[in-house]
Every structure is written in structure tokens, then in C-alpha cells.
Amino acid sequence: MPNKYLYTKNSNFLRFLDNLSADYRVFVPQETRKNYFWKEYKGSFQFSKYRTVTPIRQFFAPAIEHIDNYFSPDKSKEIKPFCIVGAKACDLGNALKMHDYVFLEGDIDASYKQMREKNLIISSDCTSFKETCFCLALGNMPYPETTFDLNISHIADGYFIEVGSKKGEETIASNKSLFEEAGSRMQTERENNRKRTVEEFRCQIEALEFPNENLLNGLIKNGHSDKLWAEEALRCVECGSCIMNCPTCHCFLLFDTKDKNGYFKGRIWDGCQYKNFTRVAGGASALRLREYRLRNRYIKKFEFFPERIKLYACTGCGRCVESCPAKIDIRKIFKTLNENSAKK
Ligand code: SF4
Ligand code: SF4
């Protein structure tokens with residue numbers, strides 16, 4: 001069994017990714033104009049300083065898929081599993097736990113289960129942060145603490161590796177010549193790097209005047225009739241970018257359609273910002289107004305899920321802030337709710 005902490009040189013890490021390519025489709029972050037996007041590994045690896053533009057949920061629950069194959073599996077259609085290298089803490093932790101709760105508790109979703117079991121997650125520490133990041137304000141650290149198979153932290157000339165699961169252990173064991181035991185000096189280097197990032201990040205978080213993380217549930221619960229929902233919703237154009245880019249959102253729509261091979265059942269991502277999300281036969285809709293839909297997203301994330309599974313359905317990744325064309329900003333919504341509640 002490998003040690004929990006290991007070290008590998010840059011060149012050996014590339015060899016490791018080459019070896020993984022035999023069993024997995026390996027995806028790595030690639031920088032384009034200060035943003036990182038997921039690209040298939042082609043022999044080079046760039047350590048990403050912060051999260052990618054899109055979350056990793058696409059690797060576990062694709063945006064669109066045929067699902068009838070799961071009822072009568074056709075082995076010839078089995079997808080090669082993914083290995084995701086460089087996933088950040090805001091895509092793991094609560095985000096994966098949320099998906100596991102939705103798709104694996106009670107009725108098990110066969111597609112998701114298969115992806116979770118087969119895919120390999122190699123996460124990495126953030127060494128910087130975007131203007132929209134606020135994970136720290138929610139009590140989440142900018143480095144992965146759970147739900148990874150292996151975690152890499154960049155240290156001099158190589159990577160400090162933390163083994164996080166049995167699958168991670170087995171992966172290391174079958175590539176053991178590429179790794180060596182990490183000494184205590186290396187671990188100290190990782191801890192110092194993490195501390196430095198957190199300290200720099202804390203300055204950005206303090207300037208936000210974001211309410212204490214423990215108040216968020218109460219602010220939403222007591223703020224259902226706040227005027228801010230109607231004011232903010234005036235600008236929303238229902239593009240759905242906030243829900244499609246969120247690592248914790250998970251709603252979907254089932255549909256029947258046909259292609260050249262005949263009829264099939266499909267599944268596509270859906271979300272509560274869309275007008276027809278709750279429309280039923282006859283045209284009635286529980287979320288008929290845009291302000292109801294905007295508020296619903298916050299109720300679900302900060303009231304429903306904490307009460308159900310004691311987790312906020314938000315990791316503070318800031319993608320909804322970054323991608324909203326109407327500049328609706330979750331951080332400002334909480335700041336305003338907090339101010340309005342103090343005036344009451
Ligand atoms: S609600 Fe926004 S900040 Fe929170 S996890 Fe979703 S996209 Fe990220
Ligand atoms: S990203 Fe902004 S404009 Fe688009 S649906 Fe979400 S809140 Fe509305």
C-alpha cells in the first residue's frame with residue numbers, strides 16, 4: 001500500500017498521465033486568455049492556478065445523453081472512463097456530495113453510478129483566485145479536502161501527492177516506479193503555499209462584506225418577501241448560464257425523440273431559471289414569475305438542501321457571477337439581504 005503522501009518530478013508526472021491514457025480519456029485544464037478550459041490530454045500538462053470555466057459535473061452527468069441504454073446495456077456502447085486532472089475544491093466537496101445525494105440515494109441513477117465508480121479524479125490546490133471566487137466566505141478552503149482519488153500540489157520541480165481513496169492507492173501502486181515517499185520538508189512546503197494563498201484570498205473576501213456563512217440560511221428563510229427579488233429579476237434574461245455553469249445544480253428533463261436508429265429516451269440539463277421549468281398540463285406554473293424563479297434558486301441552495309442534508313448547495317466558485325450577462329451577483333444579493341434584514 002503506498003504512503004498517503006508522495007512526490008513525483010514533473011517529468012514523471014507526464015509519464016504517469018501517459019500511462020493513465022491507456023485506461024482513461026484524460027482531461028486537463030488549458031489556459032486561454034487567463035481562463036482555463038477542459039481539454040483532452042495530448043502529452044503536455046499545465047498546472048492551473050484556479051478553477052476552470054466549466055465545472056466537472058459534465059463528466060458525471062453529461063449535458064445531454066441517451067438513457068435507454070441503461071435499461072438494456074449494450075456493452076459495445078460503453079464509454080471509456082474519464083480521468084479529470086486538476087479539478088479544484090469548488091467542484092468537489094459539497095458539489096459531488098450534492099450529486100451523490102440526488103443520484104445515488106433512494107432510486108439509483110445507473111448512468112451516474114457508473115461514471116462515479118469508473119472515473120478517476122486527480123484534483124489540485126488553487127494557487128491563486130479569480131475576482132469572482134468566494135469559497136472562503138462559505139467556509140470552504142481553496143484546496144481539496146475530500147472526494148478526490150489523488151490530489152496534487154505544486155512544489156519545487158514536481159508535485160506533492162495526497163492519496164484520497166482506494167482507487168487512488170491502486171492507481172499509484174500500478175505506477176509505483178514514478179513516485180517516491182514525500183519528506184516532511186515537502187509537506188511543510190505544501191502547507192506554507194496553502195497558507196499564503198488563503199491569506200491573500202482573505203483580503204479579497206473581507207472587502208466583499210459578505211455575511212457570516214452561518215447566517216445565510218436565516219437570511220433566505222426570512223427574506224422570501226424582500227423587494228430585492230423583483231428588482232434583481234428585472235435584469236434577468238433567462239439565459240440559464242447561472243444554472244448550467246453551477247457545479248451543484250443537477251436538474252434535468254427527460255424527453256422522447258427519434259434519430260436514424262429509431263426512438264430513444266434522452267436526458268438534458270434543465271433548471272429553475274427557465275420559464276417552463278415548473279409548467280404543468282393546462283399551463284399552470286408554480287414559478288410563473290421571474291422573481292419567483294430567481295428566489296427559488298436561492299431557496300433551494302441555502303434553505304432546502306441545508307435542511308435536508310446539512311449542506312449549502314453552493315461552493316462559492318463564483319461561476320454564476322462570472323457568466324451572468326445581467327450582472328446578478330450572489331455575493332451582492334446576500335450583502336443586500338443582510339442590510340435589509342438589519343433595517344427591519
Ligand atoms: S451558486 Fe454560483 S457560486 Fe454557488 S456553486 Fe453555483 S455557480 Fe458557484
Ligand atoms: S445567468 Fe443571469 S440572466 Fe442568465 S438566467 Fe441566470 S440570473 Fe438570469
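Visitor: Which residue is the bridge partner of K258 in β11?
Guide: Y263 is the one that pairs with K258 there. Keep in mind that this is a predicted model.

Visitor: OK, and how many bridges join β10 to β11?
Guide: There are 8 of them, and β10 and β11 (residues 262-269) run antiparallel.

Visitor: What sheet do they sit in, and what's the strand order?
Guide: An open one with 3 strands, ordered β4-β11-β10 and paired antiparallel. β4 (64-66) and β10 (252-259) are the edge strands, each with pairing on one side only. On average, neighbouring strands in this sheet are turned by 30 degrees against each other, ignoring direction.

Visitor: Switching to α2. Which of its residues are buried?
Guide: G93, N94, A95, L96, M98, H99, D100 and F103.

Visitor: And what covers them?
Guide: The cover includes β10 and β11 again, along with α3 (110-118), β6 (120-124) and α9 (290-309).

Visitor: How far apart are the end C-alpha atoms of α2?
Guide: They are 16 Å apart. That agrees with expectation, because 12 residues (93-104) at 1.5 Å a residue should span 16 Å. Just after α2, G106 has a positive phi of about 70 degrees.

Technical notes. Residues numbered from 1 in each chain as written. Chains lettered and ligands numbered in written order. Predicted model: local features only at pLDDT ≥ 70, side-chain atom pairs only at ≥ 80, totals over all residues. Heavy atoms only, no water. Pairing = 2+ DSSP bridges. Helix = DSSP H or I, 4+ residues; strand = E, 2+ residues; numbered from the N terminus. Axes fitted to C-alpha atoms, helices over the stretch in contact; angles between N-to-C directions. Expected span 1.5 Å × (residues − 1). Buried < 20%, exposed > 50% of the residue type's maximum accessible area, 1.4 Å probe, protein only. Contact = heavy atoms within 4.5 Å.
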